[in-house]
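Subject: Structure for you to look at

Hello,

Here is the structure I promised to pass on. My notes follow it; please read them with the model open.

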Amino acid sequence: MHVDMDAFFASVEVARDPSLRGKPVIVGGLGPRGVVAAASYEARTFGVHSALPMAIARRRCPQGVFMTPTTSYGEVSREIMAIFREYTPHVQPISVDEAFLDVAGARRLIGSPVAIARAIRERVRAEHGITCTVGIASTKFLSKLASEAVKPDGLGVVPVATELEFLHRLPIRAVWGIGEKTAEKLRRLGMRTVGDLARLDVDSLASSVGTASAEHLYALSRNIDPRPVHPDRVEKSISNETTFGHDAPDAAVWGPVLLELSRKVASRARSAGWAGRGVTVKIRFGDFRTITRSRMLAAPTDVGREIYEAAREMADAAATAPVRLIGVKLDHLVEAAAVGRQVALGEPEHGWRDIETVMDKAREKFGKGAVGSAGRLTRRDSRVDTRDSGNPGR
């Protein structure tokens, strides 16, 4: 089963302050470049959704209650995951607010999957004052689609006998990895539903979307998803940091370094199959005073440029003196395959992720120093000691 909290950040805020109930609550970065991290369902009626620029959210919903994210979400998440583990040890969190559960072994002791789902939903509501939606099916892919189909506060069950019937009537955008760009290519082939997609062979798909994507779409359109639920997530965060031989006086020096660190973190995330939603920047000043600043992104990422943009905005505000050390961390890791990065309409065909993937391959073939940031070439500064901080899993 797939369990997903409903508008998690906003729901936690409402549970903490019941006077917000029924109001359009919008959580995210409140600065000029901030984005929406979560919106209550009342706010969604105004067209506000996660990843929307906050400036647009304010225009669409001026009467909204706008709030910055707090650290309490992690604590609530841990307590909810603990509830899940009371019903099965096979729990795989894929985000701070959702998880896959394998309950096959719990049926004899506890009851049917539906009974387990009802019990979990009642516990979450009673103990935390928020709602969750559960989807039940034979695969991870289909259980997530089942939960999406009945949100919010729903329970969706797809019996094995009707799996393909349920799947094939969905629009092609329901398949993980199909963004608007790919969807437009498939529509030109006459594809509108997952059922249409399932009637194509791999070669026909490959001519439009490439071999790797074709095999992925071919399998999912037939509900072929053999991935098991992995209860053990060894990696908790991925980080890199740099100590300067002489304190960096300003962003002209530490900025390009921060970009390179962000790309290294992203490269390690991609190689391990992770994406992350949390970004933390660490700054140590010349007097050894150390500070950290953290932010939750609107969606998980494994793109260095996106990590850098969040880290740079926080560092610009926090670096008020010469910098001795700077670092960046990606956490709240999720399985990248479950995220299915969506390419927005109008986004370039080949964006930062494609560029960074090419850089990964060049470094793998020619060595780590083969490719670097252009910004690093603007200074002849060899006084930097760069090292990895933080073993993944630490």
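**The E10-E11 hairpin**

E10 and E11 make a hairpin with four residues between them, and Phe288 in the turn has a positive phi of about 70 degrees. Helices (H or I, at least four residues) and strands (E, at least two) are DSSP runs, numbered from the N terminus. Strand E10 covers residues 274-285 and strand E11 residues 290-301; the two run antiparallel and are joined by eight bridges. Two strands are said to pair if DSSP finds at least two bridges between them.

**What the model is**

This is a predicted model, in which local features need pLDDT of at least 70 and side-chain atom pairs count only at pLDDT 80 or more, while totals for chains, interfaces and linings use all residues. Residues are numbered from 1 along each chain as its sequence is written, and side-chain values use heavy atoms, with hydrogens and water left out.

The protein chain has 15 helices and 13 strands. Of its 394 residues, 47% count as buried. Buried means under 20% relative accessible area, exposed over 50%, and partly exposed in between (1.4 Å probe, protein chains only). Among the contacts in the protein chain with a separation of 6 or more, 67% come from residues 24 or more positions apart. Contact here means heavy atoms within 4.5 Å.

Three strands form an open sheet of mixed pairing, in the order E3-E2-E4. Strand E3 (36-39) and strand E4 (65-67) are the edge strands, each pairing on one side only. On average, neighbouring strands of this sheet are turned by 25 degrees against each other, direction ignored. Axes are lines fitted to C-alpha atoms, for helices over the stretch in contact, and angles run from 0 to 180 degrees between N-to-C directions. Strand E2 (residues 25-28) pairs with E4 in the parallel sense over three bridges. Val27 stands opposite Met67 in E4. Helix H1 (residues 8-16) packs on the sheet and touches E2, E3 and E4; its direction makes about 120 degrees with that of E2.

H1 also meets helix H4 (residues 72-85): their axes come within 10 Å and cross at roughly 95 degrees. H1 is therefore roughly perpendicular to H4 (under 35 degrees counts as roughly parallel, over 145 as roughly antiparallel, 65 to 115 as roughly perpendicular and the rest as oblique). On the H1 side the contact is made by Phe8, Phe9, Val12, Glu13 and Arg16, and on the H4 side by Ser72, Tyr73, Val76, Ser77 and Ile80. By class, this contact has six nonpolar, two polar and two charged residues. For those classes, Ala, Val, Leu, Ile, Met, Phe, Trp, Tyr, Cys and Pro count as nonpolar, Asp, Glu, Lys and Arg as charged, and the others, Gly among them, as polar.

Ala15 is in helix H1 and counts as partly exposed at 30% relative accessibility. Leaving aside neighbours within four places in sequence, Ala15 is in contact with His128, Gly129 and Ile130. Ala15 and Ile130 are 115 residues apart in sequence but 6.6 Å apart in space, C-alpha to C-alpha.

Ala7 lies in the loop between strand E1 (2-5) and H1. Ala7 has a positive phi of about 45 degrees although it is not a glycine, and at 7% relative accessibility it counts as buried.

Eight of the 11 residues of helix H6 (residues 140-150) are buried, so the helix is largely enclosed by the rest of the structure. Those buried residues are Lys140, Phe141, Leu142, Ser143, Lys144, Leu145, Ala146 and Ser147.

Pro152 is in the loop between H6 and strand E8 (155-157). The peptide bond from Lys151 to Pro152 is cis, with omega near -5 degrees. Asp153 lies in the loop between H6 and E8, has a positive phi of about 55 degrees although it is not a glycine, and is partly exposed at 32% relative accessibility.

**Two buried polar residues**

Asn240 lies in strand E9 (residues 237-248) and is buried, with a relative accessible area of 2%. Its side chain makes a polar contact with the side chain of Arg268 (2.8 Å). A polar contact is a pair of N or O atoms within 3.5 Å; within protein, one must be able to donate a hydrogen and the other to accept it, and residues adjacent in sequence count only if both atoms are side-chain atoms.

Ser95, in strand E5 (residues 91-95), is buried at a relative accessible area of 10%. The side chain of Ser95 makes a polar contact with that of Asp97 (3.1 Å).

Regards
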